[in-house]
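Colleague: I'm new to this one and would like a close look at a single part, the place where the chains meet. Could you walk me through it?

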Amino acid sequence: MVDAAEVIVEIRELSKSYRRGGQSVPVLENISLTIHEGEFLALMGPSGSGKSTLLNLIAGLDQADSGSVIVGGVDITTLSETELADWRAGHVGFIFQFYNLIPVLTAFENVELPLILTSLSKKERRRHVETALQLVKLADRMDHYPRQLSGGQQQRVAIARAVVTDPTILVADEPTGDLDRGSAEEVLKLMERLSENLGKTIIMVTHDPRAARRAQSMKYLDKGVLANAPEATLAECF
Amino acid sequence: MLLKLLLRNAFRHKLRNTLTVCGMCIAILAFGMLRTVISAWYAGVAASSTSRLITRNAISLVFPLPISYRDKIRAVEGVKTVSYGSWFGGIYIEEKNFFANFAVEPKTYLELYPEFIIPVEQQETFLRDRKACAVGAKLAKRFGWEIGDNITLKGTIYPGNWEFVLRAIYAGRDQTTDQSQFFFHWDYLNESLKKSAPSRADKVGFYIIGLTNPDLAARTAVAVDRMFKNSFAETLTETEKAFQMGFVSMSEAIITAIKLVSLVIIVIIMAVVANTMVMSVRERMGEYAVFKTLGFGPWYLTAMILGESLVITCLGGAIGILLTFPLARAFGQAVGDWFPVFNVARETIVMDAAAALSVGIIAAVFPAWRAIRVRIAEGLRRIG
Ligand SMILES: Nc1ncnc2c1ncn2[C@@H]1O[C@H](COP(=O)(O)OP(=O)(O)OP(=O)(O)O)[C@@H](O)[C@H]1O
Ligand SMILES: [Mg+2]
């Protein structure tokens with residue numbers, strides 16, 4: 001079924017290195033990868049293998065050294081910083097490990113935040129926010145501030161914020177990394193639902209085999225290159 | 001929403017930001033007070049007229065001129081009225097009760113100072129009674145004097161106890177009018193001197209010249225001084241404004257020091273507010289990274305940080321400005337003897353506001369620049 005769908009993200013020979021103390025340290029080397037529309041991809045690998053770096057490049061948060069990232073037909077490696085910001089606002093939904101909600105804004109306002117940059121009227125925004133919050137089953141908590149919510153609830157608000165603009169791709173960097181088992185389970189179920197029922201394309205970095213098990217496919221990154229996952233990891237995941 | 005956000009951010013760190021607002025408030029208050037002192041200093045100049053000339057002894061103000069000059073000055077072209085008087089320098093009970101007191105030719109003096117407003121019947125009795133004196137409303141209030149009171153001044157330049165009857169209390173035409181003068185009949189002084197110290201009689205400290213037309217000021221002043229050139233008492237004639245300026249400029253160094261201090265206060269508070277903003281922004285670097293991630297550009301970040309900074313400085317500034325008025329009034333009452341006019345000028349308020357705004361803007365520049373510059377990946381990393 002994956003093969004039948006359209007390619008939504010295409011990565012070609014992507015390389016990235018960081019400069020550290022005068023010398024450049026390669027983090028990603030010649031990565032090529034395609035992701036199809038509606039795919040739920042788990043990105044795994046040991047710590048420091050470059051997972052977050054790759055995710056940031058796909059999401060247009062960082063600039064590559066060479067290679068290209070084409071998302072929905074747009075080569076984002078050719079965009080300027082400002083163009084990239086506008087592109088992110090319209091095409092990417094972000095879910096972070098530490099939720100990253102704005103503490104002085106209520107759940108409702110946090111979800112509304114990305115819509116501020118759109119041309120939607122206040123009323124339309126309200127409708128979108130309510131729909132998104134209903135989706136994550138937190139409509140009754142919309143006037144709560146982040147500190148009044150549990151970690152799992154905060155992450156669900158963050159998911160609502162990520163989907164409220166109906167982005168082309170959703171990126172998640174260890175979304176369950178800071179949650180207890182029960183909350184993690186809830187968040188994963190939610191992401192699964194986004195993928196299966198709503199056809200969202202999701203790219204999720206994770207260490208957690210249980211999380212990877214929810215995804216349809218898995219890629220393993222080791223020392224900056226895509227590799228075959230070790231048997232142990234595979235066994236845990238499937 | 002952005003407004004809500006920056007307001008909430010401004011009061012997020014309650015103690016720190018309340019202290020900063022307090023600091024801002026006190027700084028603006030101090031700034032406003034110092035500026036008010038300066039404008040009080042210049043108030044005499046502002047109120048003084050360019051249509052009046054003051055003629056005095058060319059050597060120094062302390063040397064007198066003969067009374068015989070009066071008729072000669074009156075004959076000069078452009079001169080309408082001539083009044084004259086002497087600095088009396090009397091003390092009321094004790095030295096700390098300082099106020100300006102003059103012996104003047106009362107009729108012409110009142111003609112030349114239409115800004116001193118006296119009820120007609122008081123004016124009549126004041127002019128009729130040789131021992132009469134007139135005082136400004138502010139001075140009368142200060143000592144609780146009422147019409148008909150006997151007032152004794154102890155002479156310093158002219159020894160002895162001098163007795164006066166209060167016959168007139170003048171009000172000022174507007175706020176800038178000096179309402180703390182004390183003046184009485186020059187004749188009263190002169191006749192006593194004729195008996196006690198004949199050599200000092202028939203002398204005046206200064207002439208005040210009313211002009212037919214203010215445009216003639218320069219020409220008339222030159223004409224008067226030329227007339228007495230090479231006489232035993234040469235004169236120096238200048239506009240009242242220039243005369244007052246001469247007084248003020250004597251203290252120019254002090255004024256400059258006060259101005260400098262007021263500026264230093266603003267610079268210090270600027271550093272304090274900037275420090276607060278730097279701390280707040282550093283703590284929230286991760287949040288700004290989130291905003292950037294969501295696609296908010298540099299202008300949004302600048303608006304948020306600048307807005308927050310302005311909320312702090314404008315709030316502090318507004319409270320400071322409001323407090324300036326009661327404080328200036330209290331201060332004015334306490335030092336009324338030295339500053340006959342002590343009001344918060346509109347320029348002072350404008351400067352206060354300008355100072356608050358510029359502090360807010362400058363304090364936000366560096367943190368905003370930092371927030372804009374930090375790379376998203378790095379900003380997000382800080383949260384972890
Ligand atoms: N800004 C940076 N400057 C220098 N080196 C960096 C920077 N960001 C990441 N690196 C390095 O790049 C490598 C990959 O980092 P990355 O964060 O992508 O790893 P990761 O796979 O996400 O690890 P983890 O599972 O621990 O999150 C690491 O060795 C890291 O030290
Ligand atoms: Mg990572």
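How many residue pairs are in polar contact between chain A and chain B?

Modeller: The count between chain A and chain B is 6 residue pairs in polar contact, both residues at pLDDT 80 or more. A polar contact here is a pair of N or O atoms within 3.5 Å; within protein, one must be able to donate a hydrogen and the other to accept it, and residues adjacent in sequence count only if both atoms are side-chain atoms.

Before going on, a word on the ground rules. This is a predicted model, where local features need pLDDT of at least 70 and side-chain atom pairs count only at pLDDT 80 or more, while totals for chains, interfaces and linings use all residues. Residues are numbered from 1 along each chain as its sequence is written, chains are lettered from A and ligands numbered from 1 in the order in which they are written, and side-chain values use heavy atoms, with hydrogens and water left out.

Now the chain A side. The biggest giver is α2(A), with 3 residues. By type, this side of chain A has 16 nonpolar, 3 polar and 5 charged residues. Nonpolar covers Ala, Val, Leu, Ile, Met, Phe, Trp, Tyr, Cys and Pro, charged covers Asp, Glu, Lys and Arg, and the others, Gly among them, are polar.

Taking both sides, chain A brings 24 residues to the contact and chain B brings 21, contact meaning heavy atoms within 4.5 Å. The size of an interface is often given as the accessible area lost when the parts come together. For chain A and chain B, about 2,200 Å² is buried, and carbon and sulfur atoms give 71% of that; the figure is the accessible area (1.4 Å probe) that the two parts lose on being put together, summed over both.

Then there are the charged pairs. The rule finds 3 salt bridges across the interface of chain A and chain B, each being a side-chain nitrogen of Lys or Arg within 4 Å of a carboxyl oxygen of Asp or Glu. A:E109 forms a salt bridge with B:R8, and their closest N and O atoms are 2.7 Å apart. You'll also find A:K16, A:D62 and B:R375 linked in a network of salt bridges. Over all chains, the structure holds 23 salt bridges.

Conventions
Helices (H or I, at least four residues) and strands (E, at least two) are DSSP runs, numbered from the N terminus.
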